[in-house]
Amino acid sequence: MAARSPKRPASARRHIPTIAPALVQERLNTIYGPIEWHPHRIALDQLINTVLSQHTSDLNADRAYDSLRKALPTWGEVIEAETATVVEAIRHGGLANQKAPRIQQILVEILKRLGHFELEFLAGLPLEEAREWLTSLPGVGPKTAAVVMSFSLHMPAFPVDTHIHRVSKRLGFITEKTTADQAHPIMEALIPEDERYEMHVLLITHGRQICKARIPQCVNCPLAKKCAASTMK
Ligand code: SF4
């Protein structure tokens, strides 16, 4: 794990949740745990897969990713290809007309900066430096950067996807007005570095299985007595 991140916005430092994150973690662990970090894709592969996952399901993103790798097996070939060829290859992932040029721009920028495509060096940088490097790539936001840092580089970033954003609002970790992008530093300030991967997996699983978007199944939730948004009160 990298060193503790040095700075947090004042709003993140002041935020006090109505239920302790440690208690949430303990209770969710009883139904979804134990959670262990395991290696995911290498960093650049994860980055492109995460770009493909924007505004679609992981299943569609994986299908688009596999199709892209089959049509254009190297990242150099993706750069050299006609954008229309990339669009066709990633059609399964949705928004292909936007994602294809974005992917090519990211690859061109990485090659320009490094002369190669290996992003593993980022694991040796302080967390905020690695985040800045990634989010300064075209179209790479806080979530995509955090996914790469957490899943591929085993760094203590906390990705906030749509499920975690929703569950975190219901549990009072963030306010109703907090955007997913704004939630990243707030959640990282609430959760110790070595707990972030586990908490990420627990909250995303809870959002998918019980704290669902339309009708949360509070009757089955181990947090119901403490949760301000519980329908069991
Ligand atoms: S009590 Fe309901 S709203 Fe609160 S976390 Fe559980 S399922 Fe979600």
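P138 touches R102, Q105, I106 and E109, leaving aside residues up to four places away in sequence, where touching, or contact, means that the C-beta atoms of two residues, placed from the backbone, lie within 7 Å. P138 is found in the loop between α8 and α9, the helices being DSSP runs of H or I with at least four residues, strands being runs of E with at least two, and both being numbered from the N terminus. Between P138 and V108 there are 30 residues in sequence, while their C-alpha atoms are 9.9 Å apart in space. P138 counts as partly exposed because it has 14 C-beta neighbours inside 10 Å; a residue is called buried if 20 or more other C-beta atoms, placed from the backbone, lie within 10 Å of its own, exposed if 12 or fewer do, and partly exposed in between.

The structure is a predicted model, in which local features need pLDDT of at least 70 and side-chain atom pairs count only at pLDDT 80 or more, whereas totals for chains, interfaces and linings use all residues. Residues are numbered from 1 along each chain as its sequence is written. The mean pLDDT of the protein chain, that is, the predictor's confidence in each residue on a scale from 0 to 100, is 93, and 93% of the residues reach 70 or more. Over residues 1–6, however, pLDDT stays under 50, and for these residues the model has 15 contacts beyond four places in sequence.

**Overall architecture**

The protein chain consists of twelve helices and zero strands. Its radius of gyration, taken over C-alpha atoms, is compared with a globule rule of 2.2 Å times the number of residues to the power 0.38; a compact globule of 233 residues would have a value near 17 Å, and the 19 Å of the protein chain agrees with this. Along the principal axes, the C-alpha atoms fill a box of roughly 60 × 35 × 30 Å. Buried residues make up 37% of the 233 residues, and of the contacts between residues at least 6 apart in sequence, 68% join residues at least 24 apart.

**Domains and their contact**

The protein chain is divided into domain 1 (16–37 + 157–220) and domain 2 (43–152), with bounds that come from an automatic or database domain assignment. The centres of the two domains, taken over C-alpha atoms, are separated by 26 Å. Ten residues from domain 1 and nine residues from domain 2 take part in the contact. On the side of domain 1 that touches domain 2, α11 (180–190) and α12 (196–209) each supply at least two residues, and the largest share, three residues, comes from α11. The residues of this side divide into six nonpolar, two polar and two charged, with Ala, Val, Leu, Ile, Met, Phe, Trp, Tyr, Cys and Pro counted as nonpolar, Asp, Glu, Lys and Arg as charged, and the others, Gly among them, as polar.

**Backbone features in loops**

The peptide bond from G33 to P34 is cis, with omega near -5°, and P34 lies in the loop between α2 (21–32) and α3. Two residues other than glycine with positive phi are set out below.

**Surroundings of the ligand**

Of the 14 residues around the ligand, C211, C218, C221, C227 and S230 come nearest, a residue being near a molecule if its C-beta atom, placed from the backbone, lies within 6 Å of that molecule. The residues of this shell divide into eleven nonpolar, two polar and one charged.
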